[in-house]
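Here's a quick walk through one model, looking at a sheet, its helices and the nonpolar cores. Have the coordinates open as you read.

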Amino acid sequence: MSARLLNKRILLIVGGGIAAYKTPELVRQLVKEGADVQCLLSKSGSEFVTALTLASVSGNKVYQNLFDLTDETEMGHIQLSRNADLVLVAPATADLIAKMAQGFANDLASTTLLATDKPVMIAPAMNVRMWLHDATQRNLETLKNDGITIINPNEGDMACGETGPGRMAEPVEIMEAVAQALMPKGPLKGLKALITAGPTHEPIDPIRYIANRSSGKQGYAIAEAIAVLGAETLLVSGPVNLPDPEGVRVIRVETALEMAAACEEALPSQIAIMTAAVADWRTKESAQEKIKKNTDNTPPSLELTENPDILAGLVAHTLRPDLIVGFAAETEQVMDHARAKFTRKGCDWLMANNVSPDTGVMGGDFNTIHFLTQTSEESWEMLSKQDVALRLADKIADYFLETHKLEKQEAR
Ligand code: CTP
């Protein structure tokens with residue numbers, strides 16, 4: 001599932017034109033991409049679409065009246081306009097465009113538009129003569145100069161019977177324009193990244209499980225740093241006590257088998273960073289009921305079986321990511337074990353660290369990394385897990401800029 005608008009809040013202002021009938025479909029498209037859509041329905045807009053329909057498709061209360069005291073207590077128009085990541089006006093009528101250009105504020109829609117400090121996009125819809133009129137074109141020029149983005153109307157048959165430009169852009173076109181405007185821009189734009197993090201829990205019975213001390217902090221920090229650079233980032237996380245990182249889609253799993261399945265689903269991805277401390281073994285059969293103590297007090301024996309190696313699975317995959325970064329958690333002879341693991345695993349880069357209890361790395365906020373590539377070895381000073389993430393993200397950006405450059409040269 002793509003979710004380019006995940007965690008994005010959009011305030012949709014519905015103006016009073018026949019094209020308002022398309023706004024429930026527009027809301028549906030935005031929601032499908034993960035957006036949280038809040039609708040503001042103008043009085044004239046409510047002649048063409050009902051508040052109930054917009055509330056149903058958005059899953060949110062619809063705002064209609066500036067002087068509705070409950071709304072003003074719950075969320076005033078100023079807050080409404082600031083709460084969003086983007087304000088979208090669709091349909092933007094000639095009247096509303098004129099009001100915006102002049103800075104009028106005599107109803108909820110115009111007041112909110114004047115009060116906002118967020119990016120504004122408008123999807124105009126009107127009769128062809130009204131669209132071509134000098135006054136409208138002058139007003140549009142003013143709005144452009146004010147930094148407002150115009151999603152141009154299409155040409156075609158209009159509800160009024162005339163033909164020409166003025167038909168509101170289709171909901172999917174408006175959604176695309178919004179997604180383009182809100183998607184992070186950075187060196188990793190257009191790439192997909194898969195990151196695993198945290199431990200896995202392997203059930204023994206419904207109550208007990210095999211686990212490890214991984215906190216997930218390093219993987220979460222990396223996911224956020226990669227997303228900031230513009231990659232569409234998926235974090236597959238074992239059970240941890242951390243909030244979802246900003247701008248990242250998170251799938252939470254319990255077991256290694258679930259983690260492996262979620263990673264398989266995430267392909268193709270160009271970048272894979274495997275920070276998870278995946279349990280190497282699971283019980284051959286997890287008991288359906290709680291295992292009771294033996295009457296003679298002998299402990300039960302657990303039969304274990306090996307979990308799939310998710311990293312090795314990606315390395316051998318037909319959809320192998322372009323860059324696979326493995327981690328090596330060691331407690332002794334760190335470099336020797338790391339070098340052997342690097343050769344064995346076949347990943348492109350390896351981040352090795354000492355996780356023995358006296359280092360405080362497991363669960364702590366700092367990490368000391370040995371960074372291995374096919375041609376080099378670096379030992380980083382002790383850094384916060386955030387700084388480790390930033391340094392790795394920079395290296396990944398350099399890597400893709402470099403390979404991209406090479407591809408361009410080859411193409412010449
Ligand atoms: N890994 C994985 N799936 C597994 C085990 C490990 O994807 N079933 C990944 C980890 O996410 C990490 C790398 O492989 O990126 C190395 O993990 P680590 O636990 O250090 O090594 P193991 O392969 O488990 O080897 P050992 O336990 O013998 O050190």
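What follows takes the sheet, then the cores, then the annotated domain.

This is a predicted model, where local features need pLDDT of at least 70, side-chain atom pairs count only at pLDDT 80 or more, and totals for chains, interfaces and linings use all residues. Residues are numbered from 1 along each chain as its sequence is written, and side-chain values use heavy atoms, with hydrogens and water left out.

Six strands make an open parallel sheet, ordered E3-E2-E1-E4-E5-E6. (Helices, H or I of at least four residues, and strands, E of at least two, are DSSP runs numbered from the N terminus; strands pair if DSSP finds at least two bridges between them.) At the edges sit E3 (62-63) and E6 (149-150), each pairing on one side only. Met121 has Thr149 in E6 as its bridge partner.

| Helix | Strands touched | Angle |
|---|---|---|
| H2 (51-58) | E1, E2, E3 | about 170 degrees with E2 |
| H5 (94-102) | E1, E4, E5 | about 150 degrees with E5 |

On to the cores: sets of buried (under 20% relative accessible area, 1.4 Å probe, protein chains only) Ala, Val, Leu, Ile, Met, Phe, Trp, Tyr and Cys residues joined through side-chain atoms within 4.5 Å. The largest has 36 residues, with Leu188, Ile226, Ile273, Met351 and Ile396 touching the most other members. Another core, of 30 residues, lies apart from it and includes Leu12 and Ile174.

An unreviewed UniProt entry annotates residues 188-398 as "domain: DNA/pantothenate metabolism flavoprotein C-terminal". That span is 26% helix and 26% strand, with end C-alpha atoms 10 Å apart.

Notes: UniProt positions are given in the numbering used here, feature names are shortened, and annotations may be inferred rather than shown by experiment. Buried means under 20% relative accessible area, exposed over 50%, partly exposed in between (1.4 Å probe, protein chains only). Contact means heavy atoms within 4.5 Å. Axes are lines fitted to C-alpha atoms, for helices over the stretch in contact, and angles run from 0 to 180 degrees between N-to-C directions.
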